[in-house]
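Reader: I have just opened this structure and would like to learn what the terms used for it stand for. Could you take me through them?

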Amino acid sequence: MSRRGVLATVPLALAASCARQGLTADPGAQPGKAPTSPGATSSTTALPRSPSPSPSPTPSPTPTKPLPYKVSGLLPATDVPDGRQPWRDRSAKKVDRFTRDRYGVRMFEWKGKLYNHPVAQIQYGLQNLSAYRATGDVFFLNRARLQAERVISKHVVLRGAFYYPYPYNFSHGQHSGLNFRAPWYSGMAQGESLSLFSQLARLDAVPAADRQEYRQVAERTFPSLRLFDEVNPWVVNIDKGYYWIQEYPALAPGAPDYTYNGFIFAILGLWDYHLLTGDPAAAQLFDASCTTIDKYFTNFRNPGGPAYYCRTHRIPTPSYHSIHVVLLYALHFLSGDERFKTYAELLKSDA
Ligand SMILES: [Zn+2]
C-alpha cells in the first residue's frame, strides 16, 4: 500500500457527516502527555536476530542471539472473551462536554489554542468503538473512524515507521525534566493507536478495503515500538535489561519518566495488534512489557497509599490509582497470568 493509499482513506464525506454531530472529547491521556526529543541520528533496532549459521557439521540447533531484553513467557492470551478485551469498559456518550473541532474531532486546549492530541483522539475513538459494540448505533462507529482518520492524517514517517506527533510544546508541571518541543512523540500514542487501528481492522461493519487500510497503518506503526533510543525520535528503551515503552521519552536532563499508566495502555495496543496479525514480534514485545511490569511492581506500588505515577519521580498519584488497578486487571485478562490479578488486588487494598 502506498502512503497515498492510506491518506486517501480519510473519509471526507464521513468527516463531514460526523462534523454535524458535534461532541467533544475528554483528555484521555492526561493533558500533555507524550514526549519526544530531537537529537540523535542513526538508526536500527536491536531486536532479535535470526539465528546465524552454525559451523557444526551436525544439524544441531542453531545458536540464537540473546534478546536485548528480558522475557518470561507472559504471552498474549488468544481466548480472551470480548468483554474483557481492551477498552470494552470505557464507552463514549452521545452527548458529552469534550472539546472538539467543527468536524467532531476531539481537540485539546493548551494555552488558549486548540491542538490535535493523539492520545485524546485515539482514546475517544476507542471509547466510541466500545459504545458502538454496546449499542449497534453507527453514529458511534462513524465518530470513532473520524478520530482514527484524523490521527492517520497527521502521521509522519520517521525511521521507517509511522509516528503521531504532538504539535505543541509541553512541560510537565509536576514531573521535572519532561520538557518537549513540538513535534514530539509518545509511546502511549504509538501503542494505543495499535488498539484503535487493529480494532477497526477487525470490525465487520467496516468495509473490507478500509479494514485493510487500518491494518496496513497498524503494520506501519508497530515498528516504532522496536526502534530504540540510539536515535531520535524514539519511544522505547531498554533499561537494565528490561523493555520500556515511554509515555514521556524525554531525555533531558537524563532520564525518561518511566510512566506506568502510559506504558500499560500501550501494552493493550500490543495485545490488540497481536490478535489482528498473530505477529510473533508483537507477542514477544507483549511478553517483554509484561515482564517489566511484573519486575517493577514493587517499585510501582506504594503500600498503604496511592501508587506512584512513574518510576523516575515516584509521586503518589491518587487520581491515577483506580486507573492503575484497572490496567493491572487488564494485564491479568490479556496474559492469563494470576500475578497481575494479585497486583491489582494489592493496589486496590492500598487506597
Ligand atoms: Zn515522573
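Author: Gladly! A residue is buried if 20 or more other C-beta atoms lie within 10 Å of its own, exposed if 12 or fewer, and partly exposed in between, with C-beta atoms placed from the backbone. By that count, buried residues make up 45% of the 351 residues in the chain. This is a predicted model, where local features need pLDDT of at least 70 and side-chain atom pairs count only at pLDDT 80 or more, while totals for chains, interfaces and linings use all residues. Residues are numbered from 1 along each chain as its sequence is written.

Reader: What makes H3 mostly covered?

Author: Of the 18 residues in H3, 15 are buried. Helices (H or I, at least four residues) and strands (E, at least two) are DSSP runs, numbered from the N terminus. Helix H3 covers residues 118-135.

Reader: How do you know what span to expect for H3?

Author: The expected span is 1.5 Å times one less than the number of residues. For the 18 residues of H3 that gives 26 Å, and the helix reaches 26 Å from its first C-alpha to its last.

Reader: Why are S7 and S8 called paired strands?

Author: Two strands pair if DSSP finds at least two bridges between them. Four bridges join S7 (residues 236-239) to S8 (residues 242-245), so these antiparallel strands qualify as a pair. Asn-237 stands opposite Trp-244 in S8.

Reader: What makes Ile-264 a contact of Leu-331?

Author: Two residues are in contact if their C-beta atoms, placed from the backbone, lie within 7 Å. Leaving aside neighbours within four places in sequence, Ile-264 is in contact with Ile-293, Leu-327 and Leu-331.
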